[in-house]
Every structure is written in structure tokens, then in C-alpha cells.
Amino acid sequence: MKLKGLTTKKAQEKYKKYGANEIVDVNKVSWYTILLRQVKGNFVVYLLLVATILSFIVRKSVTAYAVLSVIILVVGVGFIQEYKAEKAVESLKKMITPTTLVIRNSKEQEIPSTEIVPGDILILRTGEKIPADSVILEQTQLLVNEAVLTGESKEVKKQAIKDQTNTKEENILYMGSFIVNGKTLAKVTHTGMNTKFGKIADMISTAEKELPLQIKINKTLKLLVFFGLFFAFLTGVVVLLKEPIITTSVIADVLILVIAISVASFPEGLPVVLISSLSMGAYRMAKRNAIVNRMSIIETLGETTVICSDKTGTITKGEMTVKKIYANNQMYDVSGVGYERKGQIIKDNKPAEINKELSLILKASVLCNDSYVKELENNIFFEISGPPTEAALLVLASKANIFKEDFEVTRKEEIPFSSEKKYMSVLVSEDEEENVYVKGAIEVILKKCKYIFDKGKIRNITQKDIDYVLSLNKKLTNKALRTLAFAYKKYDQKDINNHLVFVGFVGLEDPPREEVKKTLLMCAKAGIKVKMITGDAKETAKAIAKKIGLKEGKILEGKEIDNLTDDELSKIINDVVVFARVRPEHKLRIVKALKQNKEIVTMTGDGVNDAPALKEAHVGVAMGQTGTDVSRSVADLTLKDDNFASIVYAIKEGRTIFTNIRKFMTYQFSCNFSQLGIIVFGVLLAGAFGWPIPLLLPLQILFMNIVTDNLPAIALSFNPSSNDIMEGRINTKKILTKNLLYLLFFSGVMMTLFSLGVFYVSFNIYGHDGLFAGTTALLTLIFLQIVGAFVFRSFRKGVLNRSPFINLYLFFASIISIVATIVVLYTPLNKVFETTPLPFVSWILVLGLGLLYVLIFDILKIINKKTNFWSVDEKTKNI
């Protein structure tokens, strides 16, 4: 593999003195922490432990051991799911493996940061995370943020070491800190746990922030536990008051009843279902190139109302290609696409002669450049590393067989490119003279130029020259080309960046991604506004916006934002569609203005100075390919492919996950409500009808909670998204809205009435004993819960007119639940669960009631289409 555009010959000679050593990796997942999370603050476990103790007290050892088994099952499954999720997230994050540019064997090469060893020479630039403790050998305007170690966000100025025997704090770079400005060459001294960061790693809290979703669910569960325990206590008191003599046997029966009600009030499998839903959702997002850094943003993603997206690399492909060159009063064409080596510089439909002016532009392109390209083995394409714009300039030069290593120069000084300055300059020593090469935005470069290179000679630049260049620039930007100007001068030790000689400029094409048009239409249907942000000229931005079909609206430039107050900006920002010539600080103001208008903002960013805007946005999205380590560290979501469509897919997935959580929670709570209703009303009616107490035993309830309603609930979390999930906005402020509470209440009442009705007919009319009648009621409730899961696949669409195979997970979960029920009824396990085999006629009755339950809901859904009675919220109809 041949390297191109890496280092000059003199630089290669300088690097020969450096060497390397061992490898250390410090990334680990603590299984103990995950296990602790399953128990700490878990209401299910606490409640079941109490039930276990009470079961032992009343000498129901079978029940006690069964409940204990359920505790182990809940904790075990929760642990396995979360551990798998942690491992999955860890492997997904490796898709965006941090890499570092190092010098080995006198050559620059890019390697995974985990493979850095003591002795390696690092080349670090603005926005990069420092991967190991290092000593600074060279630096240019170096500023470092060490907040991860010191807690102070103030930028720290660093200096190159002068005396190897006397290393000072200002000469050291620490692992975990960030380069916020400048560039440095540093030698690695410590890696992994031997670094300063590694030594304090155990003291750094790795506790996951409590998710907003988790907070909402915990509030609901606390309320559920309170009512469950209240009803359990109240029912127990009622039973005791009815007894003329309170004996030990009576107390034991009451305690069993209290256990049954307590267990019935709580969905034991809910934590497992929730973890499964979130982890699988995050995994599906990652498979579509959207890697979730914080689970807490999944619900917020679905609620997004505005996407502020960078143009370059997100809306466009990010594969810059130089298509035009202006030099010596002539316009040249350049053939080739993307990072193909194939291509030529063309004039009048034939290969152009590389004259002085062209040669000077190409030379400036490779010397004033921090990217490098690697020629792949097929000799057709280049693999790039560094900013795409700079890589495109190296590819341009290669078309004239000009490469960086062809020049025997030494870079003595540089001013790195920044979005504030909009230019980059280098001072190089070549052929016993020193020259300055500069590239940047045309209007910025022209202001710094006193001269122009014209027809092989240098003369004073005139206003006519400037106007002509700007007119050509406007023509190219109107065609959606991005322009970049070049200038140079002989170093005079006075002012490095003024009195320059204007050489010419290039026009770069970055075509829009093909899928963007379709994605923008999807956003419009979903009620999501898209605003394009770019550092390009107004004309370029306008041309791209027109190409992709972005809604017409105002275009606001950075200089106009500077002249507006925050209140003025917030008043006009809803009408602005494109922001041009924007600096990072403008992004922060844009986010704040949108938030002031009550918008839910998703903001993209890739630079070190984008970090404040990414943090301020409700959802910060970093770029996996072109983003800096700083932006990725603060972002909530990282795009592996830097693609705008991936953001919209993530929003769609966020909506799907949240609506599925609503579905399985409504379903599970309706099941628990029915169990609670059967026991409580069974107690209240026992005196009148001579019924045994309780109608459902704790073991039977546990069986339903863990198997026959928990498995379908998990399957509901895998429900595919509806076709219209991206139509209209969605409100995630409440999981269970008032209308959903009505729905689960109605479903729970139906299950309760049907089950109590079956028990009454069997026990009071046909004269069956309590065991037979109880088993029939149990089978009825189990079957109603299974078909209920199909009812809750959609809050709007019926069951009878849809295929049962839409959600295959649910279909197979239902089969497993039915098989498990058969085992409990027709094997020796019926002695443990206190059930009895039922005749075929009982199954026919149960099937009929299940069909009636489904039919009632299908009719209600038809009525709901006209009345919209149980719409989840006022704005949304798409669940």
C-alpha cells in the first residue's frame, strides 16, 4: 500500500529518531455494577421479597420457593438483557473507532487509538481527544481543555519541552483532555491505566443518569404499588372483620390473600420489557448508522420539531471534488469524481499545460494542507484522512502527478484553519528561502491581497480585478460550487498574513445525497421543520437548497445574525430556512432562539466549537466520519455515515420505540388491573355466592405475570412501526395519557367481568367445585390476556381484519403461553399450581369469550375512527 500526500522528505528524516513499545487497553464492562442495578431501587424485587417472607410465615413453602424463583428470574433476565445491551452498545461504538495520526518508522500512519504505545509520536490537531499522556515536542498556538481532570473549563496554554531532563506541567498533554486550538507533535509517555486519567478512573462515577423515561415509569409504578398495597391491606381488614373468631388459620388465609393482591398489583416483568425495548431499539438504530450515546434521548428524538443540519457531508455526500480552477485570467475544468485518481485538468476540451499559475495553486494546495490520502491497492481510489475539502485538493494535485512528499520543505509555522478566521496559512522553508502559502474564503483572502499573479508576473491588484474575481465566484456559487482562494508571498518577517499575492481559486462540487429529497418530504409530513446551516456563501447555500427541494424561505447570513438581538432572532427564526456563512457561536444562538419558541431541537455538528450548540440542543448529533472527538463526546447521537437520512430514521425509530412502550404498558397494566379486580371483587362477592377466597392464588398470578402476559408484552416492544408513524407530531410528555387510562380500565373491566362470569356459571349454576371453577376462570383470563396483546398491537386498527403474523414475535410468544398453560393444567404441575384438567367444552367457551372480547374492541376502533375518542394526545393520531 503506497502512501500519498503524507510527509515531506525533510519531515521523514526528522521522524527517524522516534520509536515504540507495549499496548494497553482500559475499556471494561463491570458485571457487578449491572447486577447491582437490577436490585437497587427495584420495586418488583422488594415486593416479591416481602411476599416470600409472608409465604414462609404462613407455611406455604411451595409458594415461597416459587416466588423466590421469580425473583431470581426477574433479576437474572434483567441482568442478561442489560449486560447484552451494554456489550452491544460497546461493540456498536467500536463502529466509530477513535483513530490517531502517529509517526512510526519515520512515516505518518493512522491507527486505532487503543493501539498507541509509549514512544509513539502523536500528531494532534484542533478538536481531537488526547489518547495518552505525552510530552510536547512541537506546537503551534496550542490550547488544551483539561476539564475532565481539573473540572476547570478554561483553556490551558501549552508549550514544547526545551529541556528533556526538566519536564514541566506546561509541557505535558494528559489523556482524556482535548485540543481546542492549534496543532502539536507529542511523544507518548504513558498509556491506559498508567496515565493520570487512568489512575483516577476508579474515582470517576460511571453511574448512568436516570432517564426521563425511567422517571415517568417509576412515578407510575410507585402509584401502582401504593394502590395495590392499599387494596391488599383494605381487603385483608374486610375479611378479618367478617370472621366471628380470628384464629391462626384465618390469619394465614388473610396473609395469603394479601400476598395474592400485592403480586397481582405489580407487573413483575415490566423492567425486563423496558430494557429489552430500549436496547433493541438502540441496536436497530445502530444498524442504520445512528449510534445512541445516551438512552435518555430516545423519547426526545421522537418529539423533535426542528432539525438544524449542517450542509457539507450531511445533506451533501461530503465527497468534495474540484471541478473548476481559475488562474491567470482563465477558467479550467477538472474531470473525475470524488476520490478517484482518474481525472485531468482540462482547457478547451484537451489536457491543460501546467503553467506557472496552475503549478503555484497546486503547490499551495498540498503544502497548505493537513489531510493526507492513501492510494488503495486497486490504484483507482484514494482513502482519505482529514477534512474532505483538503483531501479533495490533494486528489486535484495528484491529477497533475504532484504529491506532498515531492517537496523538500519544512513547515516552520502555521495558523490552523478555523471557522472564525476562515483561512489557513503556513510558513515553509524551501530552497534556502521562506514562503507563506494561504488558502481560505475568497472574500477573506482578497482583503489580505495587495498583489495578483498575472501572466507570469506579480502586479498590484486593482478593484477591477477584485470585482471580476467576485463576479466569477458568484457564477460558480450559483451553480452550487463551493469556492476556495489561494495566495502566497515571500516571508518578510513583518506580517505573515497580509500583503499577499492572489494566485487564483478553485470551485469544489459536493453533490446532495440522493435520499435527501425523499427524507425532507417525510419530515414535512411529520411536522418537522428542517433548517440548513453552512459556512458556504449565500448563493451556494441557496442553490443546494433548491436542488434538494428544501422549503422556500428566508436565508440569513452570519453577519446578519450578529446585528440581531436574541429576541429579534427568535421572532424571525421560524421563517428562516437557510443559514449561510455561519460560525459556531451562531449555532448556539440559533438553538437558543428555537428553544425560546418552544421547539424541540435536534442539532448536528462536527467541529470543536460546535460542542456548546450540541449540548444546548435537546438532541445533539455528531458526525462519526468527519466529526471531532470533542463533538462526539458531548453528542447524544453519533452518525456513523454522517447522513441526514440517518437522523430522520433515528427520529422514526424513537417514535416507534416510545409508542411501543405505550402499547405494552397499557396492555400490562390492564392485565394487572383485571387480576386485582378478580381478587378484590371475588372477596366482596364471596359471602353472597359462597365463593372461596381468593379466586386466584399467588402462584397462578405469578405464572400469568411472568409467562402469559409478560412474553406477549416483550413481543409488543418489537412491534413494527405503522406506515404513518411519521405523519403528524407526537407528544411524549406522558406515557399513559388520560385516554389510555380509560382504555386500559375498560379492557381490565372486560377481563374481570368475563372471568368472574365464567366462575359464577361454573360454580353457582353448574355446581362445579371451587378447583374446577377456579381453573376455568384462570384459563379464561389467560386467554383474554393473550388475545388482548393482539388488540393492543394498534390503538386504531382491528384484529380480525389483520394478519396475526404482522408481529411474528407476538405470534410465537402467544403459542408459548398457550403451551405453558396446557402444561400447568394437564401435567403433575397442576398439583403445585392448584389447577385441574378441563374438558374440551371449556376451551370452546374460552375461545368464544376471547372472540367476543376482540369483536367488541374492533367495533370500538371503528367508532373511534370517526370520533377519535381515545387519541393518545390532541396533536397525534398516528398510534
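**View 1. A nonpolar patch on the surface of the predicted model.** Tyr46, Leu49, Phe56, Tyr65, Leu68 and Ile72 together form a nonpolar patch on the surface, with about 580 Å² of accessible area between them. Accessible areas come from the Shrake-Rupley method with a 1.4 Å probe, and for residues only the protein chains shown count as cover. A patch is made of residues with over 30% relative accessible area and no salt bridge, where nonpolar side chains (Val, Leu, Ile, Met, Phe, Trp, Tyr) are joined within 5 Å and like charges within 9 Å. At least two residues of the nonpolar patch are supplied by each of helix 3 (43-57) and helix 4 (61-93); helices (H or I, at least four residues) and strands (E, at least two) are DSSP runs, numbered from the N terminus. Leu68 is found in helix 4, and with a relative accessible area of 32% Leu68 is partly exposed, a term for values between buried, which is under 20% relative accessible area, and exposed, which is over 50% (1.4 Å probe, protein chains only). This is a predicted model, in which local features need pLDDT of at least 70 and side-chain atom pairs count only at pLDDT 80 or more, whereas totals for chains, interfaces and linings use all residues. Residues are numbered from 1 along each chain as its sequence is written, and side-chain values use heavy atoms, with hydrogens and water left out.

**View 2. The largest nonpolar core and another core apart from it.** A nonpolar core is a set of buried Ala, Val, Leu, Ile, Met, Phe, Trp, Tyr and Cys residues joined through side-chain atoms within 4.5 Å. The largest one has 129 residues, and those with the most contacts inside it are Met532, Leu550, Leu637, Phe644, Phe664, Met665 and Tyr853. Helix 23 (residues 644-689) gives the most to this core, contributing 19 residues. Apart from this core lies another, of 41 residues, which includes Met320, Ile325, Tyr332 and Leu362. If neighbours within four places in sequence are left aside, the residues in contact with Leu637 include Ala290, Ile291, Val292, Gly620 and Ala650, where contact means heavy atoms within 4.5 Å.

**View 3. Thr312 and the residues in contact with it.** Thr312 is found in helix 11 (residues 311-315), and at 26% relative accessibility Thr312 counts as partly exposed. Leaving aside its neighbours within four places in sequence, Thr312 is in contact with Met320, Arg482, Asp510 and Asp536. Although Thr312 and Asp642 are 330 residues apart along the chain, their C-alpha atoms are separated by 9.5 Å.

**View 4. The salt bridge between Lys529 and Glu599.** The structure holds 25 salt bridges, each being a side-chain nitrogen of Lys or Arg within 4 Å of a carboxyl oxygen of Asp or Glu. In this view the side chains of Lys529 and Glu599 meet at 2.5 Å, N to O. The pair links distant parts of the chain, with Lys529 in strand 24 (residues 529-533) and Glu599 in the loop between helix 20 (584-596) and strand 27, 70 residues apart. Lys529 is partly exposed, with a relative accessible area of 28%, whereas Glu599 is buried, with a relative accessible area of 7%.

View 5. The side chains of Lys587 and Asp610 meet in a salt bridge (3.4 Å, N to O). Asp610, in the loop between strand 27 (601-605) and helix 21 (611-616), is in contact with Pro584, Lys587 and Gly605 when its neighbours within four places in sequence are left aside. A salt bridge also joins the side chains of Lys595 and Glu616 (3.1 Å, N to O). Lys595 counts as partly exposed at 28% relative accessibility, and Glu616 counts as partly exposed at 26%. Elsewhere, salt bridges that share partners join Lys183, Asp370, Arg411 and Glu414 into one network.

**View 6. Two buried cysteines, Cys368 and Cys449.** Cys368 counts as buried at 0% relative accessibility, and Cys449 counts as buried at 9%. A disulfide is a pair of cysteine sulfur atoms within 2.5 Å, and by this rule the count comes to zero disulfides.
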